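Hi there,

Here is the structure I promised to pass on to you.

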Amino acid sequence: YLLKELITMKLWNNPNFPKCDWKHVDVYDIADGDPDALLHSCEACGREDVRYVHQLEHNSWDEDIEVGCICAGKLTGDIEEAKRLERETRNRTSRRDRWLEREWKISRNGNPNLKSRHRGTRYHVVIFKSRYGQWNFQATVEKPRYQLDDPSPFAPVNPLHCGFKTTEYKGKVWYKNLNQAKLAAFDAIF
């Protein structure tokens, strides 16, 4: 373990380490809702307080590396893309943290449900309890469809709304409590 730390902290100084042409694999929040979680160390520069980890891959490097935003931007050659991906991950984490605090209504059947809109997309989530005391969810997501008024290449871009594309999500496993089912619904649709 200590040897890996010594090696990874010096990746920038390693002459065999490729310093460009890396590709993003994923960006994730290492804390994932846990304020006491240990933060990650950047494998390229050694910075120790990385919460949003960028996982990168390279054709001539044996394994993926996990770095911070600035190192990801330098290694991929696109700092703006690295910042955008991190911002999206931060926003998703923030929305997930607020998901349980939202005002859930109770249906006639006694099931918590939530109707919401985000960037033109409509969401309807229903949480239900089995007769055995376990929880699950069902969600409907309606994304808007658009069409151009004039199909010619010289037409101004003027999308017209033309209905919704509907996707159904159902929980595949049962959860022990209501909040676990709500978070599983969030993870399925976002």
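Which kind of interaction do the side chains of Glu-81 and Arg-84 meet in? Before the reply, please keep in mind that this is a predicted model. The two side chains form a salt bridge, with an N to O distance of 2.6 Å. Both residues belong to helix 3, where they sit three residues apart, about one turn of the helix.

Arg-84 has another partner as well: a salt bridge joins Arg-84 to Glu-88, and their closest N and O atoms are 2.3 Å apart. About one helical turn separates Arg-84 from Glu-88, because they are four residues apart in helix 3.

Arg-92 and Asp-187 meet in a salt bridge through their side chains (2.9 Å, N to O). Arg-92 is in helix 3 and Asp-187 in helix 4 (residues 178-189), so this pair ties together parts that are 95 residues apart in sequence. Arg-92 is partly exposed at 26% relative accessibility, and Asp-187 is partly exposed at 34%. The count of salt bridges comes to eight.

Neighbours within four places in sequence aside, Arg-96 is in contact with Asp-32, Leu-183, Phe-186 and Asp-187.

Now to the strands. Helix 3 (residues 79-99) lies across strand 1 and strand 2, at about 30° to strand 1. An open sheet is built from three strands in the order 1-2-3, with antiparallel pairing. Its edges are strand 1 (23-29) and strand 3 (65-67), each of which pairs on one side only. On average, neighbouring strands in this sheet are turned by 30° against each other, direction ignored. Six bridges pair strand 1 with strand 2 (residues 52-57), and Asp-26 stands opposite Gln-55 in strand 2.

There is also a hairpin to look at. Strand 5 (residues 112-118) and strand 6 (residues 121-129) run antiparallel and are joined by six bridges. His-118 has Thr-121 in strand 6 as its bridge partner. Two residues lie between the strands of this hairpin, where Arg-119 takes a positive phi near 50°.

Technical notes
Residues are numbered from 1 along each chain as its sequence is written. This is a predicted model: local features need pLDDT of at least 70, side-chain atom pairs count only at pLDDT 80 or more; totals for chains, interfaces and linings use all residues. Side-chain values use heavy atoms; hydrogens and water are left out. Two strands pair if DSSP finds at least two bridges between them. Axes are lines fitted to C-alpha atoms, for helices over the stretch in contact, and angles run from 0 to 180 degrees between N-to-C directions. Contact means heavy atoms within 4.5 Å. A salt bridge is a side-chain nitrogen of Lys or Arg within 4 Å of a carboxyl oxygen of Asp or Glu. Buried means under 20% relative accessible area, exposed over 50%, partly exposed in between (1.4 Å probe, protein chains only).
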